[in-house]
Amino acid sequence: KVSIGILAVQGAFAEHQAMLDGLGADTFLIRQKKDLEEAVQNGGLQGIVLPGGESTVQGKLLRDLGMYDQLKELIEAGTPVLATCAGLILLAERVSNDDRAYLKTLPVSVKRNAYGRQLGSFVTDAEIAHIGTYRMNFIRAPYIDEILNPQVETLAIVDGNTVAVRYKNQLALSFHPEVSEDARVHAYFLNEIVQGV
Ligand code: GLN
């Protein structure tokens, strides 16, 4: 069984946990620094999930709780990470419409709340490379407005905007695969990124 830590300071962590548990992973919640440290010490951290929610709140809590540096180091050292929505913003090297950037491990620029208020939330079916057609739930989502390194692989484009990418050990999505019934994104993460690397 692979052991996956889900950042649980704010946002949609419970849904990710349910989905990964359903796929047979061994999940635990990372609520504080101790949870992360213990997992690393026990060799029980084969992957990390950064859920959706509010990136400004999550980013502040990561710093206040003293988890920021260790998380950044783990990702840079190759620990697989699945990031959705606010999680994508946390990873991004740059946020084009905000001064704040957070972990900066993913060489892309993102635009926060990129669909405005009217189109804040919507569902659409689109193709994800390696996975197939997938029903995507967007909730006040960001999109990727610039790719800053040619090694970043674009996995999905909706209306001309990049909404899913992979860069080495990092899989990042604008939308929310954890709210759907369709576990293929989480399965791809476990099979191809966690166990494939
Ligand atoms: N709008 C949120 C942010 O900027 C992201 C929304 C989400 O994660 N569903 O952090």
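Predicted model: local features only at pLDDT ≥ 70, side-chain atom pairs only at ≥ 80, totals over all residues.

Colleague: Is Ala-92 buried or exposed?

Modeller: Ala-92 is buried, because 28 C-beta neighbours lie inside 10 Å, and the cut-off for that class is 20 or more.

Colleague: Which residues is Ala-92 in contact with, apart from those within four places in sequence?

Modeller: The contacts of Ala-92 are Ala-101, Leu-106, Val-108, Ser-109 and Val-110. Of these, Val-108 is 16 residues from Ala-92 in sequence, while their C-alpha atoms are 5.6 Å apart in space.

Colleague: Turning to the core, which residues touch the most other members of the largest nonpolar core?

Modeller: They are Leu-7, Leu-88 and Leu-91, in a core of 55 residues. In soluble globular proteins, nonpolar side chains tend to be buried together.

Colleague: What does Leu-7 touch, beyond residues up to four places away in sequence?

Modeller: Leu-7 touches Phe-13, Ile-30, Ile-48, Val-49, Leu-50 and Pro-51.

Colleague: A new topic: where does UniProt place the feature "active site"?

Modeller: The UniProt record, an unreviewed entry, places "active site" at Cys-85, His-176 and Glu-178. These positions span 94 residues in sequence, but no two of their C-alpha atoms are more than 11.0 Å apart, so they gather at one spot.

Colleague: Where is His-176 found, and why does it count as buried?

Modeller: His-176 is in the loop between β12 and α6. His-176 counts as buried because 22 other C-beta atoms lie within 10 Å. Leaving aside neighbours within four places in sequence, the contacts of His-176 include Cys-85, Thr-84 and Asn-137.

Colleague: And what about Glu-178?

Modeller: Glu-178 is placed in the loop between β12 and α6, and is buried, with 26 other C-beta atoms within 10 Å. Again without residues up to four places away in sequence, Glu-178 touches Ala-12, Glu-15, His-16, Met-19 and Thr-84.

Colleague: Which elements do the buried residues of α6 pack against?

Modeller: They pack against α1, β3, β4, β8 and β12. Among the buried residues of α6 are Tyr-188, Phe-189 and Leu-190.

Colleague: Finally, which residues are around the ligand?

Modeller: The residues around the ligand include Cys-85, Arg-112, Asn-113 and Arg-140. The shell divides into 4 nonpolar, 4 polar and 3 charged residues. Cys-85 is also one of the positions that the UniProt record gives for "active site".

Key: Residues numbered from 1 in each chain as written. Near = placed C-beta within 6 Å. Nonpolar A, V, L, I, M, F, W, Y, C, P; charged D, E, K, R; others polar. Core = buried A, V, L, I, M, F, W, Y, C linked by C-beta atoms within 7 Å. Buried ≥ 20, exposed ≤ 12 C-beta atoms within 10 Å, placed from the backbone. Contact = placed C-beta atoms within 7 Å. Helix = DSSP H or I, 4+ residues; strand = E, 2+ residues; numbered from the N terminus. UniProt positions renumbered as here; feature names shortened; annotations may be inferred.
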